[in-house]
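Here is a friendly briefing to read beside the model. Please keep the sequence and the 3D view open as you go.

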Amino acid sequence: MSGKFDFSVESFEGIDFQEEKYFGGHGGNLTSCGDSADDFSNELAPSSSRIVRKNSRVNTSTWSQQDDELLLLLMSEFGPGSWHELAKEYFGMRKTGPQLRLRYYDVLTPERIRGHWTEEEDKRLIQLQQEHGNRWTLIKEHFGNRVANDLKNRFRYIKKTGQMENQVKKE
């Protein structure tokens with residue numbers, strides 16, 4: 001692989017990310033774009049050597065510890081951005097650029113606060129949700145290092161447990 005993402009990754013030495021277990025479990029059922037099988041896309045130019053399968057999905061639900069470590073290593077080396085290129089160069093067909101971005105910002109980012117929620121944060125969350133609706137990314141700007149997904153989950157928890165009425169009554 002040549003390009004702007006060239007560097008040695010010692011902790012992943014000896015791992016062939018093109019193996020079937022990393023390739024999405026297609027079991028060798030992929031074919032090149034020039035073939036005429038019904039379930040394959042012929043939309044790419046015949047000179048393309050890319051492999052495309054219609055209606056196939058990249059596994060979004062499972063992230064291994066190796067995937068997380070590789071993503072953190074790539075972020076420390078290159079920083080956020082070029083998600084599509086990172087996905088293509090280092091994750092093959094296993095993950096997409098948006099999956100990398102969401103995993104990093106929603107789960108792995110070092111700035112993320114995972115601690116206890118204060119009563120003040122709950123009040124502010126309820127107030128901002130009433131003002132802005134479910135625009136969690138906009139609401140996130142008022143919370144420093146809380147991620148939008150955590151805000152959404154906390155609001156749903158408050159609403160489900162009936163704490164929302166208690167917070168509103170206190171005001």
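Let's start with Asp67, which is buried, with a relative accessible area of 4%; buried means under 20% relative accessible area, exposed over 50%, and partly exposed in between (1.4 Å probe, protein chains only). This is a predicted model, in which local features need pLDDT of at least 70 and side-chain atom pairs count only at pLDDT 80 or more, while totals for chains, interfaces and linings use all residues. Residues are numbered from 1 along each chain as its sequence is written, and side-chain values use heavy atoms, with hydrogens and water left out.

**The chain as a whole**
- The chain has 7 helices and 0 strands, where helices (H or I, at least four residues) and strands (E, at least two) are DSSP runs numbered from the N terminus.
- Along the sequence, the pattern reads α-α-α-α-α-α-α.
- Of the 171 residues of the chain, 32% count as buried.
- Take the contacts (heavy atoms within 4.5 Å) between residues at least 6 apart in sequence: 54% of them join residues at least 24 apart.

**Around Asp67**
- Phe91, a residue of helix α2, is buried with a relative accessible area of 1%.
- The C-alpha atoms of Phe91 and Asp67 are separated by 8.3 Å, and the two residues are 24 apart along the chain.
- Neighbours within four places in sequence aside, Phe91 is in contact with Asp67, Leu70, Leu71, Leu74, Leu86 and Leu100.

**Where α1 meets α3**
- The axes of helix α1 (residues 65-78) and helix α3 (residues 97-108) come within 11 Å and cross at roughly 90 degrees; axes are lines fitted to C-alpha atoms, for helices over the stretch in contact, with angles running from 0 to 180 degrees between N-to-C directions.
- That makes α1 roughly perpendicular to α3, on a scale where under 35 degrees is roughly parallel, over 145 roughly antiparallel, 65 to 115 roughly perpendicular and the rest oblique.
- Asp68, Leu71, Leu72 and Met75 make the contact from α1, and Leu100, Arg103, Tyr104 and Leu108 from α3.
- Those residues divide into 6 nonpolar, no polar and 2 charged, with Ala, Val, Leu, Ile, Met, Phe, Trp, Tyr, Cys and Pro counted as nonpolar, Asp, Glu, Lys and Arg as charged, and the others, Gly among them, as polar.
- A salt bridge joins the side chains of Asp68 and Arg103 (2.8 Å, N to O), and both residues are buried.

- Helix α4 (residues 119-132) has 14 residues and reaches 20 Å from first C-alpha to last, close to the 20 Å expected at 1.5 Å a residue; the expected span is 1.5 Å times one less than the number of residues.
- Its buried residues are Glu121, Asp122, Leu125, Ile126, Leu128 and Gln129.
- After α4 comes Gly133, with a positive phi near 75 degrees.
- Arg154 and Asp122 meet through their side chains in a salt bridge (2.8 Å, N to O).
- Arg154 lies in helix α6 (residues 148-161) and Asp122 in helix α4, so the pair ties together parts that are 32 residues apart in sequence.
- Arg154 is buried at a relative accessible area of 17%, and Asp122 at 4%.

Key
A salt bridge is a side-chain nitrogen of Lys or Arg within 4 Å of a carboxyl oxygen of Asp or Glu.
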